[in-house]
Amino acid sequence: MRGTPVLLFLLVWMSAAWFGSWEFNPNNATRLFAAISLVEDGDAVIDEFAPMTIDKAEFDGHVYLDKAPGMTLMALPAVALATWATGERSAGIEKSMIDPRMGPFLRLRLRLAAASGPALLTAIAAVLLYDLALGLTGSAAAALFAALGYALGTPIWGWSTTITGHSPVAALYVIAVWAFHRAAASGRGGPMLLGGLALGWAVVVEYQAVLAGSAIAIWAAWNIRSHPNRTRLLALAIAGGVAGLLPLLAYNLIAFGTPFRIAYAGVKGFEGMHQGLFGLTMPKVPVLFEILFGDRRGLFWVAPVLLFAPLGLAALADVRRTRAIGLMAMAVVTIALLVNAAYVYWDGGNATGPRHAMPLAGLFSLGLATFWSELKHEWQRWASAALLGLSMAINLIVAAAEIFAPPEYRFPLWSAVFDLRFRRGDMRTWPSEWLGWTTWHGFELYLACALPLLSLLIWRIRRGFS
């Protein structure tokens, strides 16, 4: 692997793993509780943890995780490692947020799970997006613009510090598209298998991923329609998809005794989940506007660099050689937005930005590469780089301070994230959590590590290295 992808991987992974999210947030906690139960007791019942989370499902008198199980399954190695290394089990801790042992117990497992799961997937996807964009545009600068815009210029950065499914699904979409694109060019079966596996696993992470994932699958099948080995390649993709789905069936068997139960069917406390298809109804135009431009959840407030992305995707779809991938990326972005606009709880409760729309981030950012490659003047590149820098600064603050902004704040990016948390040094960094440093010193150490890496990346691109 050449130097630029290595540096990019290190920068993105370190940036996501450096910071953390609140371990008692219900979206983190309920997934952790299920992982702890599986590791310690061999079952998925979370009865003893039930009072500590509002996110739960109930079947036959027992309480379970109310989400798709993918993030819980991804957290199992981290939870098992922490249990082995510390010898500490939840049985000896009071199941209450006021027990001083519970916070550190969950925090260690959450940090390890986020670093080895979402942070790792986002870093891999950033490298693959760079490679994909480089092949489509022939410009390393354009590819780096897209990769940084995706991984560090959107709330994907902050969501990669959690064990929610938003950043993993975005990453898995990028991995699938890269793999299918590589398979169509080379005729090799391995990438088709990988692409199918990525799409299958995306559904285990978030059930609704099947909708936008179907657009990727249709594009992949179209891409190989003239290949002499298309039947074999398609069979490998399907095999990968089935393999990716098998852990879902295994979890359901362990948890419920049947492979065909959906945890959402037992959700308690959120009656909107019983509307439509588990909360999905019809998309609403006012909600779509709020998702993109609203002051509470608007995408372009938290990721202003994505304002360039529609122009880039349009340019990508305007060229015959890249038309299919451009149209597919547009379809994924559109489906993700419509799914979010159709969801009863579209604002996501505690969230910075439109968290349910974030699976669009990787393929939307592909448009940034084409946008950059079409720029004719140096001042345009400087202006675009400045907007990327602003987006990265915004999302650095979000990742360090609060990705789960409370819903009651107007313009939470300022009021809840910057003013209430960041400005006062109320952040989560690993040096402040585990080494006893102040949060500002932990933040400054991050800058001391990240800025040289970023500068080296930019230097390599300007010198013509890819």
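## Close-up views of a predicted model

**View 1. E23 and R111 form a salt bridge, with their closest N and O atoms 3.9 Å apart.** E23 sits in the loop between α1 (3–18) and α2 (26–41), while R111 belongs to helix α4 (residues 102–116), so this pair ties together parts that are 88 residues apart in sequence. A salt bridge here is a side-chain nitrogen of Lys or Arg within 4 Å of a carboxyl oxygen of Asp or Glu. Helices (H or I, at least four residues) and strands (E, at least two) are DSSP runs, numbered from the N terminus. E23 is buried, with a relative accessible area of 4%, and R111 is buried too, at 12%. Buried means under 20% relative accessible area, exposed means over 50%, and partly exposed is in between (1.4 Å probe, protein chains only). Please keep in mind that this is a predicted model, in which local features need pLDDT of at least 70 and side-chain atom pairs count only at pLDDT 80 or more, whereas totals for chains, interfaces and linings use all residues. Residues are numbered from 1 along each chain as its sequence is written, and side-chain values use heavy atoms, with hydrogens and water left out.

**View 2. R111 also meets E433 in a salt bridge (2.7 Å, N to O).** This pair links distant parts of the chain, with E433 in helix α19 (residues 430–434) and R111 in helix α4, 322 residues apart. E433 is partly exposed, with a relative accessible area of 21%. Side chains of opposite charge can pair when their charged atoms come close. Salt bridges that share partners join E23, R107, R111 and E433 into one network.

**View 3. D131 and R182 bring their side chains together in a salt bridge (2.9 Å, N to O).** D131 lies in helix α5 (residues 118–137) and R182 in helix α8 (residues 166–186), so the pair ties together parts that are 51 residues apart in sequence. Both ends count as partly exposed: D131 has 28% relative accessibility, and R182 has 30%. A search of the whole structure finds 14 salt bridges.

**View 4. L234, I238, V242, L246, L249 and F260 make a nonpolar surface patch of about 580 Å².** Patches are made of residues with over 30% relative accessible area and no salt bridge; like charges are joined within 9 Å, and nonpolar side chains (Val, Leu, Ile, Met, Phe, Trp, Tyr) within 5 Å. Accessible areas come from the Shrake-Rupley method with a 1.4 Å probe, and for residues only the protein chains shown count as cover. L234 is partly exposed, with a relative accessible area of 37%. An α-helix has 3.6 residues a turn, so residues three or four places apart point the same way.

View 5. N25 is in the loop between α1 and α2 and is buried, with a relative accessible area of 5%. S139 lies in the loop between α5 and α6 (140–152) and is buried, with a relative accessible area of 18%.

**View 6. Helix α18 (residues 412–419) has P412, L413, S415, A416 and V417 buried.** The cover over these buried residues includes α13 (299–302) and α17 (378–401).

**View 7. The span of residues 116–250 carries a UniProt annotation.** The unreviewed UniProt entry lists these residues as "domain: Glycosyltransferase RgtA/B/C/D-like". UniProt positions are given in the numbering used here, feature names are shortened, and annotations may be inferred rather than shown by experiment. In the model, the span is 83% helix and 0% strand, and its end C-alpha atoms lie 22 Å apart.

**Setting for the close-ups. The protein chain has 20 helices and two strands.** Its C-alpha trace spans about 60 × 55 × 45 Å along the principal axes. Of the 466 residues of the protein chain, 58% count as buried. The chain exposes about 18,500 Å², with carbon and sulfur atoms supplying 66% of it.

Notes
Contact = heavy atoms within 4.5 Å.
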